[in-house]
Protein chains: 2
Amino acid sequence: MAVGPTGSPEWLREAAEAGGAEIVPEHLASALLWTAPDDPDGLRDVLERAGERLEWVQLPWAGIEPYVEALDQDRIWSCGKGVYAEPVAEHALTLMLAAMRCLDRYARSSTWLQYGHLGVNLKGAKVTILGGGGITEVLLRLLGPFECDVTVVRNHPVAMDRCARVVGSTDREIDSAIRGADALVVALALTPRTTGLVDARRLALLHDRSVVVNVARGSHVVTDDLVDALESGRIMGAGLDVTDPEPLPPGHSLWRLPNCIITPHVGNTPEMARPLLAERITDNVRRWISGTDLIGTVDVAAGY
Amino acid sequence: MAVGPTGSPEWLREAAEAGGAEIVPEHLASALLWTAPDDPDGLRDVLERAGERLEWVQLPWAGIEPYVEALDQDRIWSCGKGVYAEPVAEHALTLMLAAMRCLDRYARSSTWLQYGHLGVNLKGAKVTILGGGGITEVLLRLLGPFECDVTVVRNHPVAMDRCARVVGSTDREIDSAIRGADALVVALALTPRTTGLVDARRLALLHDRSVVVNVARGSHVVTDDLVDALESGRIMGAGLDVTDPEPLPPGHSLWRLPNCIITPHVGNTPEMARPLLAERITDNVRRWISGTDLIGTVDVAAGY
């Protein structure tokens with residue numbers, strides 16, 4: 001296995017070795033661990049030099065948008081998808097509870113507010129989750145004791161544990177799933193089809209005590225439309241770990257909304273990620289050596 | 001059943017009637033629904049006038065400190081304890097997650113902070129809960145999917161579902177339960193013995209990524225000691241729904257701590273409470289009429 005680009009972190013190389021990989025130069029490798037979060041040109045150079053010999057590319061990160069153009073059908077691609085599911089799902093629940101209990105306003109106050117009426121229970125709430133991947137699987141587990149009425153929207157609407165229903169992703173199905181939800185959670189991969197999925201029209205299907213949580217990618221949500229919905233009180237609050245644009249520039253109107261909590265893409269911090277990522281790479285190298293299916297393979301046609 | 005004092009909310013009276021109570025003047029009643037949150041003198045007057053005929057007093061609220069001196073062994077006392085368990089336990093989890101994920105600092109920021117290192121997972125954390133009542137029972141259920149290592153401290157250390165261990169409340173047992181905890185949750189009744197339970201010495205048993213959550217009464221925690229621990233970074237954060245003093249006056253040092261989230265005693269808002277409270281009263285009236293044990297009876301000797 002080759003590891004690139006130059007200067008890749010030692011712990012990633014060690015994770016590969018722990019799985020049984022022998023680290024060799026690119027032209028001798030049958031597999032490549034490419035550790036740069038955003039260097040598709042560098043990757044293309046290596047792929048060209050390596051040629052057909054290179055059968056498998058492991059990208060460590062979950063989101064591989066920068067590499068979509070570099071993907072090819074000639075090899076197996078795998079990425080870190082699912083690795084971050086545990087911490088990100090936990091973050092999603094944190095933002096959901098924080099928004100439903102209006103921690104946004106309380107955290108920013110320096111007096112004992114007497115709102116009284118603020119806040120709703122998650123228990124028994126109607127929750128709609130866009131996306132049916134690893135984050136959603138974990139989130140469904142965490143939501144279990146709250147006895148929510150959960151709808152999951154996903155491309156392949158196969159049954160999932162611990163949710164009332166799974167529906168497909170036609171416009172009509174999405175609309176129907178969002179209508180009247182107390183909490184709308186965005187937890188899907190970003191593709192051209194899902195960009196701008198949550199727009200003014202869909203936000204209007206929610207109600208004035210609904211909250212929106214985004215732990216996927218900022219561009220799933222039309223930011224200006226979300227600002228309008230929050231500002232006018234048409235929805236109660238939002239919790240965003242991702243934004244569009246990202247990083248959110250100082251002075252952006254999202255910052256001044258009292259009913260929006262923004263965390264700077266920390267659903268999964270480097271400290272949380274490192275051991276999980278290392279484990280995935282070690283595991284996949286072991287699988288590659290023993291000829292078992294890899295975890296987190298990329299659907300090249302779908303782009304995630 | 002009599003309902004007092006004058007001006008009691010109509011919905012409380014209706015809840016009693018829904019259980020089958022006939023509302024009568026005090027001197028004809030065998031039971032009393034006393035709805036004032038803090039009027040022990042008014043209650044004493046009624047009890048004196050009513051005499052022995054009055055066998056049962058229902059106080060609607062969960063915390064009955066104002067009435068401790070008015071309790072007597074001549075009758076059955078019941079209160080709202082346990083009623084608020086669901087929303088308060090949910091609030092406790094909200095504050096715990098918010099503190100562990102440092103929403104305190106993020107919520108107050110109006111720029112995209114690049115802390116990176118902030119935040120820890122609840123998953124698998126060592127959690128210590130002081131108190132083994134209704135809130136704790138619900139919280140244990142909510143914590144289930146996080147696979148935490150949970151210790152519950154309570155006066156009567158009988159086994160509880162979904163926690164690793166239940167220990168008694170000697171000083172030594174409390175110290176040992178708190179030592180090294182990632183999250184310390186205060187969820188017990190306030191008695192002279194538990195006032196100031198969490199002081200500088202006990203906070204020193206925690207570590208620099210620990211969080212403290214209080215959803216019980218402010219006086220369980222020595223406020224100045226908590227301020228010191230938070231300010232010096234000896235613990236990572238705190239989430240408080242109750243404070244001492246309460247309401248927390250403007251300018252109090254707790255307000256200026258970046259690593260403390262304060263909510264103004266809203267674990268259970270009036271909107272959340274009303275249906276639960278009404279249900280409890282209706283249920284207890286039914287039980288009284290049918291001769292079944294009441295729910296939420298007060299241990300008069302223990303004072304809660």
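Where is Arg179(A) found in chain A? In this predicted model, Arg179(A) sits in the loop that runs between helix 6 (residues 171-178) and strand 8 (residues 183-186) of chain A. If we leave aside the neighbours within four places in sequence, Arg179(A) is in contact with Lys126(A) and Leu205(A). Trp11(A), on the other hand, is 168 residues apart from Arg179(A) in sequence and 46 Å apart from Arg179(A) in space, taken from C-alpha to C-alpha.

The C-alpha atom of Ala159(A) is separated by 9.9 Å from that of Gly132(A), and the two residues are 27 residues apart along the chain.

Now for the way the two chains are arranged. Chain B can be laid on chain A by a turn of 180° with a shift of 0.0 Å along the axis, and the RMSD is then 0.1 Å. The two copies are thus related as by a two-fold rotation axis. Within chain B, the C-alpha nearest that axis belongs to Arg108(B), and it is 2.9 Å from the axis.

As background, the size of an interface is often given as the accessible area lost when the parts come together. For chain B and chain A that buried area is about 4,300 Å², and carbon and sulfur atoms give 66% of it. On the side of chain B, the residues that lose the most area to chain A are Glu90(B), Arg101(B) and Trp112(B), which together make up 19% of what that side buries.

The rule finds four salt bridges across the interface of chain B and chain A, and one pair to look for in the structure is Glu86(A) with Lys123(B), whose side chains meet in a salt bridge at 3.6 Å, N to O. The count of residue pairs in polar contact between the two chains is 16.

In chain A, helix 3 covers residues 85-100 and includes Glu90(A). Is Glu90(A) buried or exposed? Its relative accessible area is 2%, so Glu90(A) is buried, as the word applies to values under 20%. Apart from neighbours within four places in sequence, the residues in contact with Glu90(A) include Leu142(A) from chain A, together with Leu97(B), Arg101(B), Lys123(B) and Phe146(B) from chain B.

Helix 5 of chain B also has a buried set, made up of Thr136(B), Val138(B), Leu139(B), Leu140(B), Leu142(B) and Leu143(B). What covers these residues includes helix 3, strand 5 (126-130), strand 6 and strand 8 of chain B.

I will finish with some details of the backbone. Most residues other than glycine have a negative phi, and most peptide bonds are trans. The bond from Gly4(A) to Pro5(A), however, is cis, with omega near -5°, and Pro5(A) has its place in the loop between strand 1 (2-4) and helix 1 (10-18) of chain A. The bond from Asp244(A) to Pro245(A) is cis as well, with omega near 5°, and Pro245(A) lies in the loop between strand 10 (237-240) and strand 11 (260-262) of chain A. His265(A), which is not a glycine, has a positive phi of about 55°; its loop is the one between strand 11 and helix 9 of chain A, and at 34% relative accessibility His265(A) counts as partly exposed. In chain B, Glu147(B) has a positive phi near 50°, and Glu147(B) is found in the loop between helix 5 and strand 6.

Note on methods. Residues are numbered from 1 along each chain as its sequence is written. Chains are lettered from A and ligands numbered from 1 in the order in which they are written. This is a predicted model: local features need pLDDT of at least 70, side-chain atom pairs count only at pLDDT 80 or more; totals for chains, interfaces and linings use all residues. Side-chain values use heavy atoms; hydrogens and water are left out. Helices (H or I, at least four residues) and strands (E, at least two) are DSSP runs, numbered from the N terminus. Buried means under 20% relative accessible area, exposed over 50%, partly exposed in between (1.4 Å probe, protein chains only). Contact means heavy atoms within 4.5 Å. Copies are superposed by least squares on the C-alpha atoms of residues with pLDDT of at least 70 in both. Buried area is the accessible area (1.4 Å probe) that two parts lose on being put together, summed over both. A polar contact is a pair of N or O atoms within 3.5 Å; within protein, one must be able to donate a hydrogen and the other to accept it, and residues adjacent in sequence count only if both atoms are side-chain atoms.
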